[in-house]
Amino acid sequence: MNSGPGRVLVAVYILFAIAATSRAALQIATRFHEAPVAYLLSALAAVIYIAATVGLARGDRIGRRTAIVCCTVELVGVLTVGALSLLDPALFPDDTVWSDFGGGYGYVPLVLPVLGLLWLRHTRSAVTA
């Protein structure tokens with residue numbers, strides 16, 4: 001599961017885990033009072049990216065289940081926050097990782113969970129442990 005394209009997927013998840021964690025930590029530490037919901041959503045995204053990375057990297061049955069849950073929650077989150085951030089911008093006075101469907105990150109947050117779920121589906125018969 002974590003070879004070939006799977007390794008690239010894990011690498012991108014690691015990158016997003018680091019980026020989201022760094023962004024959320026800085027926002028919460030320096031400007032939490034300005035947009036607490038947005039910053040807490042960024043922190044949630046960071047936790048999901050970290051857990052998805054671990055799940056994809058493990059490659060076993062438990063890792064696979066973890067990755068499926070994380071990718072699904074991530075997709076629902078980016079679709080929900082993305083839609084809400086466009087419909088009512090006042091809800092998020094500052095951007096989250098998922099605002100505007102991940103537009104601040106080149107829409108990778110929108111595409112990444114889809115690719116993760118497709119990869120997990122493609123490799124489902126390869127998991128034996």
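Q: In which segment is Thr 123 found?
A: In this predicted model, Thr 123 belongs to the segment after α4.

Q: Is Thr 123 buried or exposed?
A: A residue is called buried when its relative accessible area is under 20%. Thr 123 has a value of 6%, so it is buried.

Q: Which backbone atom lies 2.9 Å from a polar atom of the side chain of Thr 123?
A: That atom is the backbone oxygen of Trp 119. Trp 119 is itself one of the buried residues of α4.

Q: How many residues does helix α4 have, and how far does it reach?
A: Helix α4 runs over residues 108-122 and has 15 residues. From its first C-alpha to its last it reaches 20 Å, close to the 21 Å expected at 1.5 Å a residue.

Q: Which residues of α4 are buried, and where do they lie around the axis?
A: An α-helix has 3.6 residues a turn, so residues three or four places apart point the same way. In α4 the buried residues are Pro 109, Leu 112, Pro 113, Gly 116, Trp 119 and Leu 120. These residues cover an arc of only 125° around the axis, which puts them on the same side of α4.

Q: What do the buried residues of α4 pack against, and which exposed residues are on the face turned away?
A: The buried residues pack against α1 (5-31), α2 (36-58) and α3 (61-87). The face turned away from the buried side carries the exposed residues Arg 121 and His 122.

Q: What does UniProt list for this part of the chain?
A: The unreviewed UniProt entry gives residues 37-56, 68-92 and 104-120 as "transmembrane region". In the model, residues 104-120 are 76% helix and 0% strand, with the end C-alpha atoms 26 Å apart. For residues 68-92 the figures are 80% helix and 0% strand, and the end C-alpha atoms are 27 Å apart.

Q: How many aromatic pairs are there, and how is a pair described?
A: A pair of aromatic rings is described by the distance of the centres and the angle of the planes. The count here is three aromatic pairs. In one of them, Phe 16 and Tyr 105 have ring centres 5.6 Å apart and planes at 55°, so this pair is tilted. Phe 16 lies in helix α1 and Tyr 105 in the loop between α3 and α4, so the pair ties together parts 89 residues apart in sequence.

Q: Are Phe 16 and Tyr 105 buried or partly exposed?
A: Phe 16 counts as buried, at 7% relative accessibility. Tyr 105 is partly exposed, with a relative accessible area of 21%. Together with Tyr 13 and Tyr 49, these two residues form one aromatic cluster.

Methods. Residues are numbered from 1 along each chain as its sequence is written. This is a predicted model: local features need pLDDT of at least 70, side-chain atom pairs count only at pLDDT 80 or more; totals for chains, interfaces and linings use all residues. Side-chain values use heavy atoms; hydrogens and water are left out. Helices (H or I, at least four residues) and strands (E, at least two) are DSSP runs, numbered from the N terminus. The expected span of a helix is 1.5 Å times one less than its number of residues. Buried means under 20% relative accessible area, exposed over 50%, partly exposed in between (1.4 Å probe, protein chains only). The arc is that of the directions from the helix axis to the C-beta atoms. Contact means heavy atoms within 4.5 Å. Rings of Phe, Tyr and Trp (its six-membered ring) pair if their centres lie within 6.5 Å; planes under 30 degrees apart count as stacked, over 60 as edge-to-face and the rest as tilted. UniProt positions are given in the numbering used here, feature names are shortened, and annotations may be inferred rather than shown by experiment. A polar contact is a pair of N or O atoms within 3.5 Å; within protein, one must be able to donate a hydrogen and the other to accept it, and residues adjacent in sequence count only if both atoms are side-chain atoms.
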